[in-house]
Amino acid sequence: MTPIQTSKSVILTLSLSKGKNPRISLPKPLLLALLCLCSTLAPAQPQQDLVRRVDDHYNHLRTLRAHYSEHYTGMGLDRTESGTLTLKKPGLMRWSYDKPTGKVFVLDGKFAWFYTPGDAQVSRTSAKQLDDLRSPLRFLLGHTQLAKELDQITTAPEGANFRIAGVPKGMAQRVRQLTLVVTQAGIIQSMKIEETDGSTTDFTFTGIEENAPVNPADFLFTPPPGVSIVDGQSPI
């Protein structure tokens with residue numbers, strides 16, 4: 001196909017099997033629109049395939065356990081913490097910190113609890129109102145559909161892995177972008193959350209165990225004696 005440009009239109013020359021070269025004249029605006037449409041649709045299928053692999057992988061899981069490292073920068077802080085993440089369908093989650101020891105975040109299906117040993121209060125938030133930065137991962141053990149959980153999805157290669165980025169629905173006022181780095185098979189290796197105030201939180205996951213037995217008690221939280229319950233958002 002050889003284009004011949006004129007001032008008002010573009011003439012397309014099509015080479016047919018019989019050797020004839022008929023010319024089709026298209027208005028330039030129409031041709032440009034068609035070219036833009038083709039360039040927009042070209043990467044759509046690979047992106048959809050990658051997102052679908054993540055969905056399919058986690059929709060077949062019942063439980064997940066992994067070691068995590070969490071790095072937070074913002075509000076004058078630069079802090080690294082670590083621990084064990086445990087997930088169980090549907091929507092149960094526990095972040096047990098070993099650095100600092102005893103710090104815990106538990107999502108029991110009804111409430112999210114956040115407690116640091118030595119504090120006089122424990123924070124409790126309704127699961128339906130939760131906008132904690134850890135909450136995006138809870139969807140991975142429900143019925144995952146990242147295309148419905150994230151707005152403005154983009155994908156790109158990331159070394160041997162791939163990067164999926166978007167804005168979690170309902171969190172646009174707080175989160176500027178959520179980025180997942182996933183393997184070819186759709187397994188999440190890391191998660192980065194960039195907030196609208198400029199702070200960032202990076203989670204890296206290692207030692208991932210899928211469908212491992214978990215203790216139901218891991219998803220229960222009882223405040224220690226003398227510790228009061230405060231309803232509201234969990235602290236950073």
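Good morning, everyone. Because the model is predicted, local features are taken only where pLDDT is at least 70 and side-chain atom pairs only at pLDDT 80 or more, while totals for chains, interfaces and linings use all residues. Residues are numbered from 1 along each chain as its sequence is written, and side-chain values use heavy atoms, with hydrogens and water left out.

Let me begin with the whole protein. It contains three helices and 15 strands, where helices (H or I, at least four residues) and strands (E, at least two) are DSSP runs numbered from the N terminus. Of the 236 residues, 39% are buried; buried here means under 20% relative accessible area, exposed means over 50%, and partly exposed lies in between, with a 1.4 Å probe and protein chains only. The protein exposes about 13,200 Å², and carbon and sulfur atoms supply 56% of that area, the areas coming from the Shrake-Rupley method with a 1.4 Å probe, in which only the protein chains shown count as cover for residues. If we take contacts (heavy atoms within 4.5 Å) between residues at least 6 apart in sequence, 44% of them join residues at least 24 apart.

Now please look at strand S4, which covers residues 63–74. Which strands pair with S4? Two strands pair if DSSP finds at least two bridges between them, and S4 is joined to strand S5, residues 77–88, by twelve bridges in the antiparallel sense. His67 stands opposite Thr84 in S5, and the two strands form a hairpin with two residues between them, where Met75 in the turn has a positive phi of about 55°. S4 also pairs with S14, again antiparallel, over nine bridges, and there Leu64 stands opposite Glu210.

If we leave aside its neighbours within four places in sequence, Ser69 is in contact with Thr80, Glu81, Ser82, Asp202, Phe203 and Thr204. Glu70, also found in strand S4, is buried, with a relative accessible area of 4%. What does the side chain of Glu70 make a polar contact with? Its partner is the side chain of Tyr97, at 2.9 Å, a polar contact being a pair of N or O atoms within 3.5 Å, where within protein one must be able to donate a hydrogen and the other to accept it, and where residues adjacent in sequence count only if both atoms are side-chain atoms. As for Ser69 and Tyr97, they are 28 residues apart in sequence and 9.6 Å apart in space, C-alpha to C-alpha.

Let us turn to the salt bridges. How many does the structure hold? There are nine, each being a side-chain nitrogen of Lys or Arg within 4 Å of a carboxyl oxygen of Asp or Glu. In one of them, Arg65 meets Glu209, with the closest N and O atoms 3.8 Å apart. This pair links distant parts of the chain, since Arg65 sits in S4 and Glu209 in strand S14 (residues 200–210), 144 residues apart. Glu209 counts as partly exposed, because its relative accessibility is 39%.

A second salt bridge joins the side chains of Asp151 and Lys169 at 2.3 Å, N to O. Asp151 belongs to strand S10 (residues 150–158), whereas Lys169 is in the loop between strand S11 (161–168) and strand S12 (175–182), 18 residues apart. Asp151 is partly exposed at 32%, and Lys169 is partly exposed at 42%.

Arg174 lies in the loop between S11 and S12, and Glu195 in strand S13 (residues 188–195), 21 residues apart.

I will finish with the nonpolar cores, which are sets of buried Ala, Val, Leu, Ile, Met, Phe, Trp, Tyr and Cys residues joined through side-chain atoms within 4.5 Å. The largest has 33 residues, and those with the most contacts inside it are Trp95 and Phe205. Apart from it lies another core of seven residues, including Val104, Trp113, Phe221 and Val227.
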